[in-house]
Amino acid sequence: IRTRTTGSRVPGRGGKRNTYGGHAVSHERTEQFMKRFPPGFPLTDAIRSAGSISVYEQFREQAGCRGDKIALEWTGGSRSYRDLLHRIDRLAGVLRARGIGYGDRIALLSENRFESIELILAAARIGAIVACQNWRLTTAEQQHCVDQVAPALLVHSPAQQTATDALGRASIPRLVFGHASPGVPSDRRHLDRFFRRRPRPS
C-alpha cells in the first residue's frame with residue numbers, strides 16, 4: 001500500500017493534522033501508534049504510515065482489489081466489496097448533509113444488522129465516531145450511556161423504536177435502518193430511501 005502524508009491544519013480545530021487520502025488524522029494519534037513498538041524495532045515506511053490510515057481507508061484498498069467478491073453475507077442477502085463501498089460512500093454523504101463531521105459522535109442502538117458495518121465505515125470516512133449501545137440494557141441504563149456519549153445523531157433499527165422513544169432525547173436527529181415500517185414515525189428518515197436515489201458526483 002502506498003501512502004503519502006502531509007502536515008496541515010483542520011479549520012476550526014487546534015493541533016497539527018496529517019492527511020491521508022484527503023482525510024484528517026491527528027498527529028498525536030500517529031505518535032501514539034509509533035510508541036507501541038519496542039526501541040530498535042525496524043520501522044518501515046509502510047508501518048509508519050499505517051498509524052495514519054483509518055478503517056475506511058483500509059476497506060477502500062480491499063474494495064479496489066476484490067471488486068465483485070463477497071464482502072458481507074447474511075441470511076437472505078450479500079454485498080460485494082464494490083457495492084458495499086458505494087453504499088458506504090453514499091451514507092457518508094448523508095451524514096455530512098446532516099451536519100455530522102470530524103469528532104462528532106453517533107449513537108447506534110440496534111441488534112446485529114449488516115447496516116451497522118456500513119455506518120461504522122461511513123463514519124470513519126468523515127472522522128465521526130460510532131458509539132454502539134447495548135439494546136439489552138434497561139431504559140435507565142441506556143439513558144445513562146447515551147447521556148455520556150452526547151451524540152449529534154441517533155441511529156436505530158425499527159425493532160428499537162420503543163427503546164429510543166423512551167430515551168427522552170427528542171431533539172437529537174434520528175435515522176432508521178431499513179425501509180419505512182409500521183410503528184416508526186414518518187418524520188424519521190429511513191436509510192434505504194437514500195440508496196434508491198441517483199448517486200451524486202463525488
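**Helix α4 and its surroundings in a predicted model**

Helix α4 has 17 residues and reaches 24 Å from its first C-alpha to its last, close to the 24 Å expected at 1.5 Å a residue, where the expected span is 1.5 Å times one less than the number of residues. Helices (H or I, at least four residues) and strands (E, at least two) are DSSP runs, numbered from the N terminus. The model is a predicted one, in which local features need pLDDT of at least 70 and side-chain atom pairs count only at pLDDT 80 or more, while totals for chains, interfaces and linings use all residues. Residues are numbered from 1 along each chain as its sequence is written, and side-chain values use heavy atoms, with hydrogens and water left out.

In the protein as a whole, the secondary structure comes to eight helices and 10 strands. Buried residues (under 20% relative accessible area, with exposed over 50% and partly exposed in between, for a 1.4 Å probe and protein chains only) make up 41% of the 202 residues. Of the contacts (heavy atoms within 4.5 Å) between residues at least 6 apart in sequence, 52% join residues at least 24 apart.

Within α4, the buried residues are Y81, L84, L85, R87, I88, R90, L91, A92, V94 and L95. An α-helix has 3.6 residues a turn, so residues three or four places apart point the same way. R96, also found in helix α4, counts as partly exposed at 43% relative accessibility. Leaving out residues up to four places away in sequence, R96 touches R125 and I126, and its C-alpha lies 9.4 Å from that of A123, 27 residues apart in sequence. Just after α4, G99 takes a positive phi of about 85°.

W74 is partly exposed, with a relative accessible area of 28%.

Helix α5 also packs against α3, at an angle of about 110° and with the axes 7 Å apart; the axes are lines fitted to C-alpha atoms, for helices over the stretch in contact, and angles run from 0 to 180 degrees between N-to-C directions. That makes α3 roughly perpendicular to α5, given that 65 to 115 degrees counts as roughly perpendicular, under 35 as roughly parallel, over 145 as roughly antiparallel and the rest as oblique. At this contact, V55, Y56 and F59 in α3 meet L121, A124 and R125 in α5.

S116, which lies in helix α5, counts as buried at 12% relative accessibility. Not counting residues up to four places away in sequence, S116 touches L108, S110, E111 and F177. V130 lies in strand β7 (residues 129-133) and, leaving aside neighbours within four places in sequence, is in contact with I106, L108, L119, I120 and A123.
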